[in-house]
Amino acid sequence: MMPSVTRSMNLLLLNFLIFTACLQSGEGQFVITNTTSGPVMGVKTPLQPLTDQLVTRYTAIPYAEPPTGERRFAKPVPKAPWEDVLNATVYGPSCPQPGLNMADMDEDCLLLNVYVPHDAVASSGPLPVMIFIHGGGFTSGQSMTYDGTILALHGQVVVVNINYRLGLFGFLSTGDDSAPGNYGLWDQRLAIQWVKDNIANFGGNPDQITIFGESAGAWSVTYQMITPLNDRTLFQRVIAESGVVFPNLVIPATVARFQAFNVGSILGCNLPVVSTSRDLISCLRGISVETLLTQTYTVQSSAIIDGEFLPTNINTLLAHPRVGQYDLIMGFNDQDGSVFISQVSKNYTAEELRSDIQYFLLSCQCENPQEITDAVFAYYFGGQDLEDPDENVLRYLDVTGDQFFKVPSINFLTRHAESAANTSTYFYHFTYETGKEFFLPPEWSGLISGAPHALDTFYVFGFISAFYPNDLDAAILSNTTMDYWTQFARYGNPNGAGLPGLPEWPEFKTENGSYIILDPDFKTGQRFKPDKIAFWNNYIPTITEPASYKKTCSYEVPVRRGTLRKPDNMTLQISSKDGEVLGSVAGALRVADEAMGGQEIAEFLGIPYAKPPLGELRFRPPQETGPWGDEPLGIPANLPPACPQDVTRDPWMVRLGFNQTSEDCLTLNIYAPTQDPNDPALPVLVFIHGGDAEYGTSSVYDATLLASRVKAVVVVMNYRLGALGFLSTEDEIVPGNYGLHDILASLKWVNKYIGSFGGDPERVTVQGHGSGAILAHMLTLSETAKGLFNRAVLMSATAISPPVDNPVLPSASETAKTLASKLRCPTKTSEMMVSCLRNKPAAALVSVTISAPFGLAFPTVVDGDLITDKPLELLKAGRINDVDILVGLTQDEHAAVAFAFTGLDCPSTAEIQQYIDTVSRLSFTNPNKTAFALATEYIGKGGLDDDCQTRGSFRQFINDYLSYWSTLEAARLHADAGHSVYFYSIDLKPPAHHYKGPLPPQVGPTFADDLQFLFGDPYSPLGDELQLSYRLEDKRFTLELMAFLKMYTYNGDPGASLSGAKWPAFDSADLTYMSLTDCPQALSGNDNNWQHLLRFWANYLPSITAPAPTPPEPTPCPPEPTPCPPDRPCPLDPEPCTVSVGGLRLPLSEASTVIAALIGTTVGVGVLAIIFLGLCVANKKARANGAEKEKRLMEAGVGLTHIDTMDNGNLES
């Protein structure tokens, strides 16, 4: 509804309220009635001089707490009980809206009014109840303007009208959990519930409730019909006057979110680019009502698919049989298009007509409104002269009336009639025009014939006779309309029990489309404007191109209800298949959120699978614990500690404040659905965390929801990290790979004991993320792991990912010696070095470890035991265990690395060339040729839909290099070896990058974004604890991801999505994969040019990366100044190494701070090391004999990313 029309209507009805108040003035009798909230006092009075009948009126009864403070932009909260008698004899304030004085409105406006025909209650017992919801385009209106006295007395019904929140207060949405929207609809529902619970005390029948509304009130009652939250026990009948829900009435979540942030920007919230929706809502909750009202029309006040009140798209909700459970009257006025009359001018040209119609056709949420406008013009006005301004106005009203009222209403009526089960459907067309001058601007009243929008309310509430006391036809129509409405409320049939003289109203049937014309003649008709209905329903959809944000699949998404911890625990005995008893363990019991399966999950934390790797067991394979004894392993007071590491590097540990570490860390956390011992054993899912094999822990991955939704026993393990897990002397003293040995030992433990937890050792899936995926993949290539698991899920890395085997990094033994030197251990022999390292505190080994650029600080090695050859060679030779593979990555996997180079600016081609040169030097043994080939391949092509071509080119290069080519090549080699392979790409951009921290808005789904969905964060209690906000599509994506995982763990085939999309097997020809979003789609990698990608990286590039002659040693950045010798003068200070960041040249210490602020502090040391390596250009001024030498460009940073080598000559013995 347009604002000018809305304001004029409300002023009119306010004037009538004054009129009725005068009629009701005089003394009345106070009446006190009890409610569930407390006693209320109304007033019983006659409506003189119209009638001596008594009506008891209760006004301003609160049904909800004031929606202020934290309750603003949230669901309403039921009103807390009061003790004293509430004075309900005076109308309360309107909800905030434009056009009213501030004194007349208040946020504390969730009130309702009750009108009871006193004598009828005394004589007839409980009366039918009619709850009216006012219109006003969801931006204006108030209940008190629709006085229910005359209707209540005429029809002998109890009338209730309600306030609900409007505009920003009722419908602003961020499109996620922070502010889901639809608060006005929730208000209405709570008011209906209040009536249901209390109306019997007022003389009403709680099992005979009709909700009715006009315009936006009609939208409201049809929204209440289609929501799955309601059913016939709450209300039984519906009357919708000049309004109905239809798909294009709902605002897309992306548009709602944009509008909300736009309001915040206008009102000075000053939110940074990386701010969250919670930040926005926190700001808006602190802004005054008066200020927020200035932005009423900045936001489209519309309902939104919020996942709860409206859980899925409107067409799906309309098609559901639940719509047919209510009796229905629906109709419209002859000139409902008049609601848009403020758009037109007196000299209304053909061009303005076209522009305005196209503007309203934008509601199609389509890509081609111009084409649709052309079709409308051809159909409605083909061959007509469009020179007459008055006729153009009528044409405009004709089109808009059909589009917004008539066609959607008939469609809804048809759906209702088709699904009606023992319910009735009635259709009316209101055409009488007496009173139209109150609803039309004076300049148009003479031109427009018929009933304008909202005129019917004068007749429904009996107001018309007050304004036209001598118009007999108007009085007859009003009385008959009130008869129809109230008889329908009583019987579900407007014809009632056969009132004398009441014209027969035929029921609407799909085969005849019968309706009544509401004017004094009360004629009937069939099939209203069938040609126009066919035009809009049959032709327009064939030429409509849906907007890109419209989904092609949808289904109802369950609402988060919460995960509950039970007061009791479970203790079970752990024994092997052969009856060997290990010991007993106690676990806490939790009931998972119903949306996540609702399973009871036993949580067993900190189960040791090996002896503590301390002392002589450091740098050795793990040893079995042996039996624990009779004392059960209890529930730990705290989460089990992580293996030694720098805990600040793991974002999930940081977000939980988890910082406990210990070398006694070889433990498992097991999440097991409880079931009867006779039930079949469940599949087992073993998760291996990532973290560059340097950080991470099982304790931050709560698998309760995952275990429940997948209905599998989930095991999350710790394994040794960094030097403690992967240091190698490349000989028999310390062969290395102890972290991998840990994982192998844990799998053997699972194979032996998991049956005690209800798991099936014959159906084990190993799932790894990042470096965890690398290690999982290594075991698929190891004879030692054969038979321990039959499926693997590799997320965001494989054993042939480039960082696993970076040829320019030092060998494992050299790295070990460097570490030992840093800790002042001898390096002359491996025995001496390792003996010393075993006596060093674990924290010391962690503290001197620095991540390698484009590599792992301590990678796995070919040890001749677990790993017998380089993984790529094993894959090419087909030396692979019989394991199904599900493998994939995120669309923008390494965005943090790319933006660490480019920053937010659009770099020049020369700068991109420099970045590629740097990466080549740090990654390939023949960097010059490699850099030339890479620059030729990528520069100028753009990528990732980046609006900066050069930056897009570099981002695409980084992603292809670090993840895409190797992941695809691993999938291809497995498929060619005859194994079952499924490939995926995570293509849903999350609301926030919780793992990588704040990143530029151009970043798509990136590394570890999928973890929050894998472990069910959108349904987790952590959502509230950590103030995470998730959208409907995030919840749907969580359900899809877990559904695929469940099918895969059970059958080795991920099957079909919840929306029906089948996941095809990967093959080398089509490179088929599943695009994982909330609406998954099977696609071909050939459309992404993946065949070329593989040829370039797997075939061509290796042919030119043969080692080149060793270049001269680069000059490193100058060391820190050393104290001056006492016998010599101090040399001149060297010029510091600087880094180019955003056009500035900064010392390393300052650049680190700037870059961390730019891409987020959680990117970590590894990324910062890459920045320094890639961008640091050291200018060293050497002065000799007073002459300054020229500055030289340095190949800088080599010493920055490796452990400093110390002069250890005097340490060796």
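Me: Why does Ser985 count as buried?
Reply: This is a predicted model, and in it Ser985 has a relative accessibility of 3%. Buried means under 20%, so Ser985 counts as buried.

Me: And where is Ser985 found, and what is it in contact with?
Reply: Ser985 is found in strand S23, residues 981–986. Leaving aside neighbours within four places in sequence, its contacts are Leu889, Gln891, Tyr964, Tyr1073, Met1074, Ser1075 and Leu1076.

Me: What makes the link between the side chains of Ser985 and Asp987 a polar contact?
Reply: The distance is 2.7 Å, and the cut-off for a pair of N or O atoms is within 3.5 Å. So the two side chains are joined by a polar contact.

Me: Let's move to Asn806. How do you know whether Asn806 is buried or exposed?
Reply: Its relative accessible area is 9%. Exposed would need over 50%, and buried needs under 20%, so Asn806 is buried. Asn806 is placed in the loop between strand S21 (791–795) and helix H24 (812–822).

Me: Which residues does Asn806 touch?
Reply: Not counting residues up to four places away in sequence, Asn806 touches Pro853, Phe854, Gly855, Leu922 and Ser923. With Leu922 there is also a polar atom of the Asn806 side chain lying 3.0 Å from the backbone oxygen.

Me: Now the rings. Why is the pair of Trp194 and Phe202 called tilted?
Reply: The ring centres are 6.2 Å apart, and the limit for a pair is within 6.5 Å. The planes are at 50°; under 30 degrees would be stacked and over 60 edge-to-face, so this pair is tilted. Both partners are buried, Trp194 with a relative accessible area of 6% and Phe202 with 5%.

Me: What about Phe901 and Tyr915, what are the numbers there?
Reply: Phe901 and Tyr915 also form a tilted pair, 5.6 Å centre to centre with 55° between the planes. This pair links distant parts of the chain: Phe901 is in helix H28 (residues 895–902) and Tyr915 in helix H29 (residues 909–923), 14 residues apart. Phe901 is buried at 2% relative accessible area, and Tyr915 is buried at 7%.

Me: Which cluster do ring pairs link Phe901 and Tyr915 into?
Reply: Among the members of that cluster are Phe854, Phe901, Tyr915, Phe924, Tyr938 and Trp1097. The structure holds 82 aromatic pairs.

Me: What puts Lys75 over the face of Trp186?
Reply: Lys75 lies 4.4 Å from the ring centre, and the distance limit is within 6 Å. Likewise, the charged end of Lys346 sits over the ring of Trp444, 4.5 Å from its centre.

Me: Why are helices H5 and H6 called roughly perpendicular?
Reply: Helix H5 (residues 183–198) packs against helix H6 (residues 216–226) at an angle of about 75°, with the axes 10 Å apart. Roughly perpendicular runs from 65 to 115 degrees, so H5 is roughly perpendicular to H6. Leu185, Gln188, Arg189 and Ile192 of H5 make the contact with Ser220, Tyr223 and Gln224 of H6.

Me: And how much of the protein is buried?
Reply: Buried residues make up 60% of the 1213 residues. The secondary structure comes to 38 helices and 30 strands.

Definitions and conventions:
Residues are numbered from 1 along each chain as its sequence is written. This is a predicted model: local features need pLDDT of at least 70, side-chain atom pairs count only at pLDDT 80 or more; totals for chains, interfaces and linings use all residues. Side-chain values use heavy atoms; hydrogens and water are left out. Helices (H or I, at least four residues) and strands (E, at least two) are DSSP runs, numbered from the N terminus. Buried means under 20% relative accessible area, exposed over 50%, partly exposed in between (1.4 Å probe, protein chains only). A polar contact is a pair of N or O atoms within 3.5 Å; within protein, one must be able to donate a hydrogen and the other to accept it, and residues adjacent in sequence count only if both atoms are side-chain atoms. Contact means heavy atoms within 4.5 Å. Rings of Phe, Tyr and Trp (its six-membered ring) pair if their centres lie within 6.5 Å; planes under 30 degrees apart count as stacked, over 60 as edge-to-face and the rest as tilted. A charge sits over a ring if NZ of Lys or CZ of Arg is within 6 Å of the ring centre and within 35 degrees of the ring normal. Axes are lines fitted to C-alpha atoms, for helices over the stretch in contact, and angles run from 0 to 180 degrees between N-to-C directions. Angles under 35 degrees count as roughly parallel, over 145 as roughly antiparallel, 65 to 115 as roughly perpendicular and the rest as oblique.
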